[in-house]
Amino acid sequence: MATTYTPEFTEGGIKARIQRVGGYLAGMVMPNIGAFIAWGLITALFIPTGWLPNAKFAALVDPIILIVLPILIGYTGGRMVHGQRGAVVGAIATIGVAVGSKIPMFLGAMIIGPLAAYLLKQIDKFTENRTRAGFEMLVENFSAGIVGAAMAVLGVWGIGPIVRSITNTAGNGVEWLIHHHLLPFASILIEPAKVLFLNNAINHGVLGPLGVAESLKHGKSILFMLESNPGPGLGVLLAYMFFGPRALRPSVPAAIVIQFLGGIHEIYFPYVLMKPRMILAAMAGGASGILVFIVTGAGLVATPSPGSIFAYAAETPKGGWFGVFAGVIVAGGVSFAVGAALLGFGRLAESPAADAPAGEDLAEPAADAGAVEQPAARADAPQNRPLEA
């Protein structure tokens with residue numbers, strides 16, 4: 001199933017490479033959407049601000065987002081590279097970046113899972129013809145165990161800290177824009193960081209604390225809405241629903257419900273990863289929404305967690321409804337318009353050059369070539385008969 005989202009491109013150039021990378025990233029996430037939905041339902045229902053607050057059930061939230069989901073992504077990434085053996089070492093290696101982390105290590109899992117599988121694949125090629133009969137299982141098991149353990153240690157020691165530094169850098173960039181009163185431009189950093197699953201780190205690590213301090217002074221803060229605005233994600237999903245690839249359109253309505261009503265933004269990230277140019281739609285929508293928030297003086301009294309339209313309604317101060325909902329609607333509308341244009345209003349979404357494997361374009365010429373060669377083969381046949389006689 002993972003390969004469904006990873007079309008091969010024979011063309012060169014930056015565009016094809018970005019599409020290929022985005023396809024592989026989406027291929028690691030899309031098969032695990034069910035797990036994301038399960039986590040989203042548990043979160044929306046049982047956290048203290050959820051519909052049915054329950055401390056016992058809410059204890060499931062952090063282990064799933066911090067451990068289970070990264071491991072599933074690392075497992076899937078490893079499987080894409082080297083089958084079941086790659087999946088196993090990918091899962092083991094992912095523990096190295098996930099353990100002890102207070103932020104979801106999805107980006108780390110996307111790096112270390114395929115990397116561990118690729119390393120094992122090269123080792124298997126080296127040992128394939130050098131292993132004596134009867135020792136195959138021993139060599140295969142120990143090679144996988146050694147690679148998995150080594151990559152897990154590397155994750156703790158190297159890749160985990162690197163991902164955390166990337167997260168901190170993104171947060172510092174957002175904070176700099178805030179202090180220099182360039183809030184609409186914050187979407188240039190926030191939206192790409194969200195798609196790489198750094199949304200919780202930016203929202204709760206940077207924007208949340210700054211928003212709390214501002215809310216104590218003024219009774220509300222716009223900072224609570226920079227990352228959590230459900231409008232940009234809604235616009236991207238609507239663009240996919242009307243103009244995206246036909247094979248994906250049936251999955252979009254459920255994603256809209258989970259994203260806009262449930263507040264689980266992670267559900268739309270894979271749709272952007274499949275077509276990286278769609279990040280421009282999210283950025284445009286986010287910047288437009290922030291601009292409306294600034295003009296109308298909108299703000300929330302606390303962090304909307306999760307970022308649902310219902311949470312927005314619950315956290316809106318008295319008399320602030322117009323600005324808050326106008327910002328969400330404008331963000332969704334702009335994101336939808338830009339996304340629809342980027343998808344060519346349905347034309348680019350179904351374009352063979354953009355979405356279909358490049359090999360499919362060569363299928364018909366290959367068949368035609370075969371048809372031309374067949375008469376030549378039949379013409380040769382009479383010439384061979386006297387020799388055979």
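User: Which helix does Ser 143 lie in, and how is a helix defined here?

Analyst: Ser 143 is part of helix α6, residues 136-179. Helices are DSSP runs of H or I with at least four residues, strands are runs of E with at least two, and both are numbered from the N terminus. This is a predicted model, in which local features need pLDDT of at least 70 and side-chain atom pairs count only at pLDDT 80 or more, while totals for chains, interfaces and linings use all residues. Residues are numbered from 1 along each chain as its sequence is written, and side-chain values use heavy atoms, with hydrogens and water left out.

User: How many helices and strands does the protein have?

Analyst: The secondary structure comes to 16 helices and 0 strands.

User: Is Ser 143 buried or exposed?

Analyst: Buried means under 20% relative accessible area, exposed means over 50%, and partly exposed lies in between, with a 1.4 Å probe and protein chains only. Ser 143 has a relative accessible area of 11%, so the residue is buried. Of the 389 residues of the protein, 49% count as buried.

User: Which residues does Ser 143 touch?

Analyst: Contact means heavy atoms within 4.5 Å. Leaving aside residues up to four places away in sequence, Ser 143 touches Arg 85, Leu 120, Ile 123 and Asp 124.

User: What is a salt bridge, and how many does a search of the whole structure find?

Analyst: A salt bridge is a side-chain nitrogen of Lys or Arg within 4 Å of a carboxyl oxygen of Asp or Glu. The search of the whole structure finds 1. Arg 85 forms a salt bridge with Asp 124, with 3.0 Å between the closest N and O atoms. Arg 85 lies in helix α4 (residues 61-98) and Asp 124 in helix α5 (residues 106-128), so the pair ties together parts 39 residues apart in sequence. Arg 85 counts as partly exposed, at 23% relative accessibility, whereas Asp 124 is buried, at 15%.

User: Which residues form the nonpolar patch on the surface?

Analyst: Patches are made of residues with over 30% relative accessible area and no salt bridge; like charges are joined within 9 Å, and nonpolar side chains (Val, Leu, Ile, Met, Phe, Trp, Tyr) within 5 Å. Accessible areas come from the Shrake-Rupley method with a 1.4 Å probe, and for residues only the protein chains shown count as cover. Here Trp 51, Leu 52, Val 257, Leu 261 and Phe 310 form the patch, with about 510 Å² of accessible area together. Val 257 is found in helix α10, residues 252-261, and is partly exposed, with a relative accessible area of 47%.
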